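Thanks for coming, everyone. I'll take you through one structure this morning. Have a look at it first.

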Amino acid sequence: MNSQMTPGVTARRLNDDSLRENFGDLHAPLQPHEAAVAADRCYFCHDAPCVTACPTDIDIPLFIRQISTGTPEAAATTIFDMNILGGMCARVCPTEELCEQACVREVAEGKPVEIGRLQRHATDTLMAKGVHPFERADETGKTVAVVGAGPAGLSCAHRLAMLGHNVALYDARPKAGGLNEYGIAAYKSTNDFAAKEVDWLLAIGGITLENGKALGDALNLDGLARDFDAVFLSVGLGGVNALGIDGGENDSVIDAVEFIELLRQTDDLATLPVGRNVVVIGGGMTAVDAAVQSKLLGAQNVTIAYRRGREAMSASRYEQDLAASHGVQLLFNVQPKAVLNGGSSTQIELEYTAVTNGKLAGTGETLSLSADQVFSAIGQTLTTDGGLVLEGGKIAVSERGRTNRSKVWAGGDCASGGNDLTVTAVAEGRDAAMDIHATLMGGVE
Amino acid sequence: MADLTTEFLGIKSPNPFWLASAPPTDKEYNVRRAFEAGWGGVVWKTLGAEGPPVVNVNGPRYGVIHGADRRVLGLNNIELITDRSLEINLEEITRVKKDYPDRAVIVSIMVPCEEQAWKDILPKVEATGADGIELNFGCPHGMSERGMGAAVGQVPEYIEMVTRWCKQYYSKPVIVKLTPNITDVRLPAAAAKRGGADAVSLINTINSIVSVNLDSMSPEPSIDGKGTHGGYCGPAVKPIAMSMVSEIARAPDTAGLPISGIGGVTTWRDAAEFITLGCGNVQVCTAAMTYGFKVVQEMIGGLSQWMDEKGHTSIQDFMGAAIPNTTDWQYLNLNYVAKAEINQDDCISCGRCYAACEDTSHQAIAMSSDRKFTVIDAECVACNLCVEVCPVENCITMVEQKPGTVDARTGKTVVDDYANWTTHPNNPGAVAAE
């Protein structure tokens, strides 16, 4: 048996019990009475700020009131009506920056209504009953290809199917779900929730899912545009930015996205090797997820190194605190300079940064940390653009998700605008579906 | 520290908090615990006539209206009078009174409307040394079907008759407990007074069905699939009780008749309010049944603190203080003008005031695109709905418009004079009276 102190990179630093505990649900689900008490705190605001703050515009006061009157199933339908992935969003949404930040009780007393946990209570209750609350409209005879079965694609496909269209849903990976399946910290989506949610969503009917088909590989946009009445691209960001420093090609430098994926897909966490000393480069959710999970796997020292100050970090304060509470050290205003292979112990050299004249630059002062593993989490890139016009490295889309090519819409992380949140991707997929529907059924230019 | 000692009908108790005749006072064990916890007095659970006691149902007796987090807001019961023998109760009362001479012990009684029945029981009760009796003319379920309880309390003539018997065959104070299940509570109160009652106590419980089981289609509490109306009490009934108390305190026929206030007293504040409406003490049941006897400590501490803050040295200082300010609608000052005012610093922008006013009232609150809520004086009738639905206490207040200012709604200058409906030009009665 290894321990946290075992040098180098190794598996089995913690025993099975510790791992099970570490990777259990981050927040235990609310029991019915807890939910009733939490729901009672909602003021049922007029034109509620929480709804405005929700990218999918869920009628939050209404669903909370439905919970408080003992009809969590009706509450779930209210949620799914706007956000068919309301179950996953209840788990992964940074509610502290969205609905709960806008909650008037957050403003008044620093203690918002627990909207995220209430949403999970409602959606879990309905999904546990195996009920799919929507029925398809009469078939329209129209066909739509949706490429990429992540949050945006699933949302779009479901809405289109519900409106009566036939949807061919493609995904490059062996499993549908996109980042829900491969990219979210394990403790946020336990018990294979992402896969179950996909199965539940597909129960609407009218959607055929084909895995292992990627755009630019088995699929090409010209063919799709020819064979279908419309195409929705939600291929996500397949590439990762390289560190671009000396030693960046070293074996100890690992893509954080891959590490998270490995964690999610493994059958036995104990077999996953993790370094005694881990340094994560980046400041977003991926960085936090990689750092916290390294710690939970048994790494002794985990540091997040971010090149700017805390306020610039895209991971929320809540996520930062979550990392800190797990013993992750947050190091600000440092950028990676080199990975030095020192035999038994690898080091990463970091350089302090400062902003001068609005430009971030190294100060010349450096520090070194032991780093058996360096996880790189400095952003992802679009790998397949289908020849469409880009904007800021992503497929350029209008507010309704239209690309520069007729019959082709796009949404989610691969499309311009947005903010890389699951909930935003769901909204984009849904709204594009509505625009596709309007276009296919006529009456809209 | 304020002196909470109360002398009600000459019966002294260390504080004005008595336990009402109800399950908490059904037997010696409970009453001793109550006295140890600090209760000033008890009204012993209602005794029936000698002989085989009544029997209770063997299923649930209580139903509840819950608020948030299962707070008990209203309690309903279908329990009858004591189901223990008269002899045992009398023995226990005797022992308890002997051991607690400084506490009030009142015996509640309910026997048939026959003189002999009262003649039989009263000497036995007198022999216990208890301080007085309370006539249960209020119990609305079960006993009323047998011609007792509320069945008596709903007929003023019976009240007067039985009260008179009691005054004849019993030497100590007689309190008549009134039912609220009647159109005008002043009539039974006046009847009790005519019969010689030393005081009235009110209210007894209100006819009620607290819930219906939507699966079994049975009212609850459900006994083998059937339910019956019970008696409702607890915080929910306090407003009804206080109104009835005030009517008796104000009516010329009954003004000055001592009142023991009952109905939803849960905190010291409730007690203080009942006392300001003319009660000499209060009786409590649901609060004790919900939280146990210890709640009396909060009541004692709270009332003392408030009295000290107000400079009251005894209950007498504020007893009935609100009666002169309790009037009929027709005497309210129609020249008094107020307007709602929203404190923007306290406002949390929930918009409840807006929804309530816009949808259900006078469209007197404006909402800006950045969720700022302001009162439109030209529409505001000062109804107070916004004040009450606002989740932030004192964020919205009703501000009196000083004489000389112009009411933006009516265009009229606010005047200092008092004028009410009886003299209002729109009142046909006022015109006719001229």
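Predicted model: local features only at pLDDT ≥ 70, side-chain atom pairs only at ≥ 80, totals over all residues.

Start with helix packing in chain A. Two packed helices are described by the angle between their axes and the distance between the axes. Take α4(A), residues 60–68, and α5(A), residues 72–82. Their axes come within 7 Å. They cross at roughly 165°. Angles over 145 degrees count as roughly antiparallel, so that is the label for α4(A) and α5(A). The crossing is left-handed.

Who makes that contact? On the α4(A) side, A:Leu62, A:Phe63, A:Gln66 and A:Ile67. On the α5(A) side, A:Pro72, A:Ala74, A:Ala75, A:Thr78 and A:Ile79. By class, that contact has seven nonpolar residues, two polar ones and no charged ones.

Now bring in α2(A), residues 32–40. The axes of α2(A) and α4(A) come within 8 Å and cross at roughly 135°. That angle makes α2(A) oblique to α4(A). Handedness here: left-handed. From α2(A) we have A:Ala35, A:Ala36, A:Ala39 and A:Asp40. They meet A:Ile64, A:Ile67 and A:Ser68 of α4(A). Note A:Ile67.

Next, where the two chains touch. Chain B gives twelve residues to the contact, and chain A gives ten. On the chain B side, seven are nonpolar, two polar and three charged.

On to the cores. In soluble globular proteins, nonpolar side chains tend to be buried together. The largest nonpolar core here has 155 residues. Which residues have the most contacts inside it? They are A:Val231, A:Phe232, A:Leu233, A:Val280, A:Ala291 and A:Phe375. Look at A:Val280 in detail. Leaving out residues up to four places away in sequence, A:Val280 touches A:Ala256, A:Ala287, A:Ala290, A:Ala291, A:Ile304, A:Ala305, A:Phe375 and A:Ala377. A second, separate core has 98 residues, including B:Trp165, B:Ala189, B:Ala190 and B:Ala272.

B:Ala189 and B:Ala190 take us to helix α6(B), residues 186–194. The buried residues of α6(B) are B:Pro188, B:Ala189, B:Ala190, B:Ala191, B:Ala192 and B:Lys193. What do they pack against? In chain B, the partners are α4, α5, β9, β10 and α7. After the helix comes B:Gly196, with a positive phi near 100°.

B:Asp253 sits in the loop between α7 and β15 of chain B. Its contacts are B:Arg186, B:Ala190 and B:Lys193, again not counting residues up to four places away in sequence. For scale, B:Asp253 and B:Pro101 are 152 residues apart along the chain, and their C-alpha atoms are separated by 35 Å.

One more helix in chain B: α11(B), residues 352–360. B:Arg352, B:Cys353, B:Tyr354 and B:Cys357 are buried there. They pack against β18, β19, α12 and β20 of chain B.

Last topic, backbone geometry. Most residues other than glycine have a negative phi, and most peptide bonds are trans. Chain B has some exceptions to show you.

Cis bonds to begin with. The bond from B:Leu202 to B:Ile203 is cis, with omega near 10°. B:Ile203 lies in the loop between β10 and β11 of chain B. The bond from B:Glu220 to B:Pro221 is cis too, with omega near 0°. B:Pro221 lies in the loop between β13 and β14 of chain B.

Then positive phi. B:Leu9 has phi near 60°, and it is not a glycine. B:Leu9 is in the loop between β1 and β2 of chain B. With 18 other C-beta atoms within 10 Å, B:Leu9 is partly exposed. B:Arg371 has a positive phi of about 60°. That residue is in the loop between β18 and β19 of chain B. B:Arg371 also has 18 other C-beta atoms within 10 Å, so it counts as partly exposed.

That's my tour. Thank you.

Note on methods. Residues numbered from 1 in each chain as written. Chains lettered and ligands numbered in written order. Axes fitted to C-alpha atoms, helices over the stretch in contact; angles between N-to-C directions. Helix = DSSP H or I, 4+ residues; strand = E, 2+ residues; numbered from the N terminus. Parallel < 35°, antiparallel > 145°, perpendicular 65-115°, else oblique. Left-handed = near helix turned anticlockwise from the far one by under 90°. Contact = placed C-beta atoms within 7 Å. Nonpolar A, V, L, I, M, F, W, Y, C, P; charged D, E, K, R; others polar. Core = buried A, V, L, I, M, F, W, Y, C linked by C-beta atoms within 7 Å. Buried ≥ 20, exposed ≤ 12 C-beta atoms within 10 Å, placed from the backbone.
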